[in-house]
Amino acid sequence: MDAAETAPPPVSLRASQPAAKAVSTPRKSRKARTFWLKQLHTWHWISAAVSLTAMLLFAITGITLNHAASIAAEPVVTQSSGKLPMAMVERLPRANDGHDPLPPAVAQAIAGKIPLDPSGFAADWSDEGEVYVAMPGPGRDAWVSIDRTSGAISAERTERGWVSYLNDLHKGRNTGSAWFWFIDVFAGACLVFTVTGLILLQLHARHRPSTWPLVGLSLAIPLVIALFFIH
């Protein structure tokens, strides 16, 4: 028999292409999954690290706020007085409906007379005989009053303790713009943490059958309490 007749037919390149594609497609899929899994883990732990301390603070103050009525706190009230030179009194704007802060020189003079500094706080200019400056802060209340006719300064400061201070940080009460923006950044980090955590749960749920029942409970418990036990 002729050797040419017994030789196997040549394998065309076209016939081998589908097999190559079948091998490369799962490989690309695995690479993409690995890439996104690494990204999710990276953003999950970064957001956790960024928000860890603040999350601990907000968790503790959530408990103290929930039990605020049972946590004893005795406010400490401190009163003080002084007298503003008439040269400084004359620098005060006339009565108006504005809420501009005290002139810097006047505020510095007041801070030299009493243990409070009213610089930067909005003042009430509506009274012709008095200028009133409220100076609330986290865990405290304070005010300064200036008599326009005599220059007499009256002031009071009320401290409600460190628990009240932390509770006000939790609520963002009288904490200023820096803490305002910190809360927004912290909330954003918590959002990244929870969303990446949810996606990671979905990716690993196949090997952890209790994943979605537990996630369902995390939604159902507060929902049932809100609908049936809060009146």
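**Exercise 1. Determine in which helix Leu 223 lies, and whether the residue is buried, partly exposed or exposed.**

*Solution.* Leu 223 belongs to helix α7, which covers residues 211–228. The structure examined here is a predicted model. The relative accessibility of Leu 223 is 45%. Buried requires under 20% and exposed requires over 50%, so Leu 223 counts as partly exposed. Leu 223 also takes part in a nonpolar surface patch of about 1000 Å². Other members of this patch include Leu 214, Leu 217, Phe 228 and Ile 230.

**Exercise 2. Describe the largest pocket: state how much space lies in it, how many residues line it, and which helix gives the most to the lining.**

*Solution.* Begin with the volume: the largest pocket holds about 180 Å³ of space. Next, consider the lining, which consists of 14 residues. Those nearest the centre of the pocket are Ala 68, Ala 73, Val 163, Ser 164 and Asn 167. Helices α2 (13–66) and α5 (162–171) each supply at least two lining residues. With 6 residues, α5 gives the most.

**Exercise 3. Compare separation in sequence with separation in space for the pairs Leu 57 and Asn 167, and Ile 199 and Leu 37.**

*Solution.* Take Leu 57 first, which is placed in helix α2. Leu 57 and Asn 167 stand 110 residues apart in sequence, while their C-alpha atoms are 9.7 Å apart in space. Leu 57 has a relative accessible area of 22% and is therefore partly exposed. Turn now to Ile 199, located in helix α6 (residues 176–204). Between Ile 199 and Leu 37 the sequence separation is 162 residues, and the C-alpha to C-alpha distance is 9.4 Å. Ile 199, at 36% relative accessible area, is likewise partly exposed.

**Exercise 4. Identify which residues form salt bridges with Asp 168, and state whether Asp 168 is buried or exposed.**

*Solution.* The structure contains 6 salt bridges. In one of them, Asp 168 meets Arg 160 with an N to O distance of 3.1 Å. In another, Asp 168 meets Arg 173 at 3.0 Å. Because its relative accessibility is 2%, Asp 168 counts as buried, whereas Arg 173, at 30%, is partly exposed. Shared partners link Asp 141, Arg 160, Asp 168, Lys 171 and Arg 173 into one network of salt bridges.

**Exercise 5. Find the salt-bridge partner of Arg 157.**

*Solution.* The partner is Glu 159, with the closest N and O atoms 2.6 Å apart. Arg 157 is partly exposed at 28% relative accessible area, and Glu 159 is partly exposed at 29%.

Technical notes:
Residues are numbered from 1 along each chain as its sequence is written. This is a predicted model: local features need pLDDT of at least 70, side-chain atom pairs count only at pLDDT 80 or more; totals for chains, interfaces and linings use all residues. Side-chain values use heavy atoms; hydrogens and water are left out. On a 1 Å grid over the protein atoms alone, a cavity is a set of points where a 1.4 Å probe fits but cannot get out, and a pocket is an open set with protein on both sides within 12 Å along at least five of seven lines; lining residues have an atom within 4 Å of a point. Grid points are joined across faces, edges and corners, and a volume is the space filled by probe spheres set on the points. Helices (H or I, at least four residues) and strands (E, at least two) are DSSP runs, numbered from the N terminus. Patches are made of residues with over 30% relative accessible area and no salt bridge: like charges are joined within 9 Å, nonpolar side chains (Val, Leu, Ile, Met, Phe, Trp, Tyr) within 5 Å. Accessible areas come from the Shrake-Rupley method with a 1.4 Å probe; for residues, only the protein chains shown count as cover. A salt bridge is a side-chain nitrogen of Lys or Arg within 4 Å of a carboxyl oxygen of Asp or Glu. Buried means under 20% relative accessible area, exposed over 50%, partly exposed in between (1.4 Å probe, protein chains only).
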